[in-house]
Amino acid sequence: MKLLLVLVLVALAQGRPENGDKIDYRLLRAAKQAETADIFVTFQESTAETLQAIEDTRFDTREDRLDAMNSALVRLAGRVQSNVLSYLQGRFEFKSLWITNQVYVKGATMDLIMVLASFNEVKSLELEEIIELDTIVEGPILRGRQDPSGEWGVKKIQAAEARELLGSTTKASQIVVSTIDTGARHTHEALRANWLGEYGWFDPYDANALPMDINGHGTHTTGTICGAGGIGVYPDAKWTSCRGCATSSCAQNALLACAQFITCPTRPDGSAPDCSKAPHLVSNSWGGGRGATW
């Protein structure tokens with residue numbers, strides 16, 4: 001280990017780090033400006049082949065398909081990530097993600113970055129992306145204008161007619177919707193009656209046991225989707241939520257943790273995953289540039 005660190009230091013001094021082509025230029029720049037960086041480790045073996053195998057297989061139910069996909073991706077991550085996870089154990093704070101077969105490392109040093117780049121199974125090392133939320137613009141509070149039959153936008157898209165059509169083909173109680181956002185305030189008058197409950201909330205930031213929202217944006221989007229009192233498009237739906245964004249920004253590791261939760265929900269403490277509890281749709285109302293395939 002000492003010899004490896006010496007080689008790393010020599011390579012850095014010469015300005016041409018070994019395996020440097022695996023390290024994203026933004027990460028190299030950030031590592032020079034600060035002592036540590038939060039990073040993502042991507043592996044040579046991606047999830048593509050596993051997902052294609054699931055796509056090519058017939059399943060009796062949606063739940064069977066989700067269970068099979070989850071099991072296959074967890075096995076893939078366990079096999080491919082094992083050496084890196086063993087090295088990180090007890091040294092750095094990290095999170096294994098099966099949804100993308102990546103490892104998130106918090107506070108990685110340049111020495112660690114070079115060591116990780118030396119693993120043959122590692123494809124690339126990249127700086128974590130942080131997506132900033134738009135600033136909230138406070139406006140006047142309008143009272144007495146709520147229309148229980150539906151706000152103008154709800155009427156404009158003919159939501160009532162769509163609900164009637166849906167009711168003729170499926171049971172309303174079966175529809176579960178979700179948001180990856182700043183959370184959702186479960187005590188809000190428009191949302192308190194139709195929160196799913198167990199398997200309906202995950203907070204990767206602070207592990208709050210019940211749905212909450214410091215920013216307010218997630219409560220707004222959830223309300224637009226299924227809020228009561230005329231503000232929601234489909235108020236008969238049950239809702240779940242994952243706090244992918246904190247007060248003013250969304251961390252990539254939290255967004256991906258939420259993607260895992262939506263695909264195969266857990267209890268608030270992250271235990272007992274049950275893919276049968278996955279919602280039918282999920283809203284992602286946070287910004288970002290093009291080409292971010294994650």
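Colleague: Which cysteine is joined to C245 by a disulfide?
Modeller: Keep in mind that this is a predicted model. In it, the S to S distance for this pair is 2.1 Å. A disulfide here means sulfur atoms within 2.5 Å, and the partner that C245 is joined to is C250.

Colleague: And what is the handedness of that disulfide, C245 and C250?
Modeller: Look at the torsion about the S-S bond. For C245 and C250 the torsion is about 90°, so the disulfide is right-handed.

Colleague: Is C250 buried or exposed?
Modeller: The cut-off for buried is under 20% relative accessible area. C250 comes out at 0% relative accessibility, so C250 counts as buried.

Colleague: Where in the chain do C242 and C258 sit?
Modeller: These two form a disulfide with their sulfur atoms 2.1 Å apart. The pair links distant parts of the chain, 16 residues apart. C242 is in strand β8 (residues 238-243), and C258 is in helix α10 (residues 252-263).

Colleague: Is the link of C242 and C258 left-handed or right-handed?
Modeller: Both C242 and C258 are buried, by the way. For the handedness, take the angle about the S-S bond, which is -80°. That makes the link of C242 and C258 left-handed.

Colleague: How many residues apart in sequence are C264 and C275?
Modeller: C264 and C275 form a disulfide too, with sulfur atoms 2.2 Å apart. C264 lies in the loop between α10 and β10 (281-284), and so does C275. The pair therefore ties together parts whose separation in sequence is 11 residues.

Colleague: What is the angle about the S-S bond for C264 and C275?
Modeller: Both of these cysteines are buried. Their link is left-handed. The angle about the S-S bond is -90°.

Conventions:
Residues numbered from 1 in each chain as written. Predicted model: local features only at pLDDT ≥ 70, side-chain atom pairs only at ≥ 80, totals over all residues. Heavy atoms only, no water. Helix = DSSP H or I, 4+ residues; strand = E, 2+ residues; numbered from the N terminus. Buried < 20%, exposed > 50% of the residue type's maximum accessible area, 1.4 Å probe, protein only.
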